[in-house]
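Reader: Please take a close look at one part of this model, the salt bridges, and start with the surface.

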Amino acid sequence: MGVEAELPRAMDVLARRASALRDALQRSQGNTESMVAILGSFDHRLSALEAAMRPTQVRTHAIRMAHENIDKTIKAADAILSQFDIARRAEATILRGPHEDLEGYLEAVDLLKGIARFFSSNKNFKGDEGLLTRVNNILSKSALKIEEEFRQLMSTYSKPIEPDRLFDCLPKPPRAPKSDHDADGGHSTHSEHPSKGLETGVCRTPTLIPPRILPLLHDIAQQLVQAGNQQSCYRIYRDSRGSALEVSLRKLGVEKLSKDDVQRMQWEALEAKIGNWTQFMRIAVKLLLAGERRICDQVFDGITFNKDQCFAELAGSSVLTLLSFGDAVAKSKRSPEKLFVLLDMYEVMHELQPEVEEIFEGRFCSEMREAALGLTRRLAQTAQETFADFEEAVEKDTSKTVVQDGTVHPLTSYVINYVKFLFDYQSTLKILFQEFDTGSETESQLAVVTMKIMQALQNNLDGKSKQYKDPALTYIFLMNNIHYMVRSVRRSEAKDILGDDWIQRHRRVVQQNANQYKRVAWAKI
């Protein structure tokens, strides 16, 4: 009974709730439809607003583009105006000329070149042709002024170097070559090897052009080459430096002599000139030519310019004049007294060969390089031939001098002194013998040459000993002269070359002549 009574009440409650839910759903549906209607109205209004704003947006974009174009135009105008301003200032500097401020002048020229490039690459500017033409005209005039300034600077700073300055740059003052005569006056030899103890110190390079001027010359040369005036630049530099080099050598004492001039010269005068020439060669190569090569490389560094050919042409005449004297001596008539000066000359040329190779590198300098090498070989060849001449002259000496008491003959003292001086040149002779490589050691070649000379002397003494009518004097003469030879060899460097065997063998010859003298001298008694 109770459950049945509650059921109707529950059903009624559910019915009321269902009804309330339906009402809520209906109200929500109404709200949704109202919202859709409102949103539809907004969409319509926004479309209308967008349509109304579109012209404004177009005008705004146009205004923004116009502003950008105005900015670009203003910048372009500023660039053009700045070019005009730069051109005005650069022109004023160029009109003043390069004398007052060469560096500022060159900078102004570079600025004008930049302006010319600017307008050449921007052909759209109205009226730029007039300015470009004016700039190019100014540049053409500036090129002439730059060329004149280059000529003026090269003339001012291409002065010859005084001899005293050049000698001061050498490690030690040069020693003048000397000669002495034997007491009997018959023969002469070098008193000392003038190149012995050859200096290995570093030479102080003379200042050919002040260091502060070299960068200016480099900048001017660069401007000239860029302006297409490389031929003028080439000619000015070559003539200025070539003249300075020639006058420096002339002041030093360098002169061009032919083979005939050398042949007519007295021996003392020729010997002095040869001694001077060896010093001139060192000064020319180590100081002047090395310096010329260095400044030529500095002035034209990084410039499209044939500096090797320019250097070859400015140095060519001076080098060939220097070498011509050596060539004339090498080709002149050979004589025994010339051997030592030939060795001096050969030694100097061999010493300078590495520097010659370095200074005269490249195909344009090949003529001078080959001329120097050719002279070295000719001197070696002439010295080699003089050895043979001397040996023959000793053996065939026909001097009528008779030593009445059988003492040492002048020929013997002359030949021994000659051999002694020969050994002062051992290092040079070793190099010389290598020029004519025979496959044997240079010491043995020197020994062979020396032995031949000593044997030639001994053969000649044998002949001279027969001039004595008294047989006792014959043996006294041979004993004294060969004893002098042995004693001289023992006391000199020749001992190491000829060896103990040679000394012992000739001591026995001395003893044999002594025995013969005693036998002949005491036979009558």
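Author: Met35, Ile38 and Leu39 make a nonpolar surface patch of about 280 Å². Such patches take residues with over 30% relative accessible area and no salt bridge, joining nonpolar side chains (Val, Leu, Ile, Met, Phe, Trp, Tyr) within 5 Å and like charges within 9 Å. Areas come from the Shrake-Rupley method with a 1.4 Å probe, and for residues only the protein chains shown count as cover. Leu39 lies in helix α1 (residues 2-96). Helices are DSSP runs (H or I, at least four residues), numbered from the N terminus.

This is a predicted model: local features need pLDDT of at least 70, side-chain atom pairs count only at pLDDT 80 or more, and totals for chains, interfaces and linings use all residues. Residues are numbered from 1 along each chain as its sequence is written, and side-chain values use heavy atoms, without hydrogens and water.

Now the salt bridges. The structure holds 21. Each is a side-chain nitrogen of Lys or Arg within 4 Å of a carboxyl oxygen of Asp or Glu.

Asp389 pairs with Arg334, with the closest N and O atoms 2.5 Å apart. Asp389 lies in helix α11 (residues 366-395) and Arg334 in the loop between α9 (307-331) and α10 (338-359), so the pair ties together parts 55 residues apart in sequence.

Glu147 bridges to Arg151 at 3.4 Å, closest N to O. Both are in helix α3 (residues 128-156), four residues apart, about one helical turn. Glu147 is buried at 13% relative accessibility; Arg151 is partly exposed at 33%. Buried means under 20% relative accessible area, exposed over 50%, partly exposed in between (1.4 Å probe, protein chains only).

How values were computed
Helices (H or I, at least four residues) and strands (E, at least two) are DSSP runs, numbered from the N terminus.
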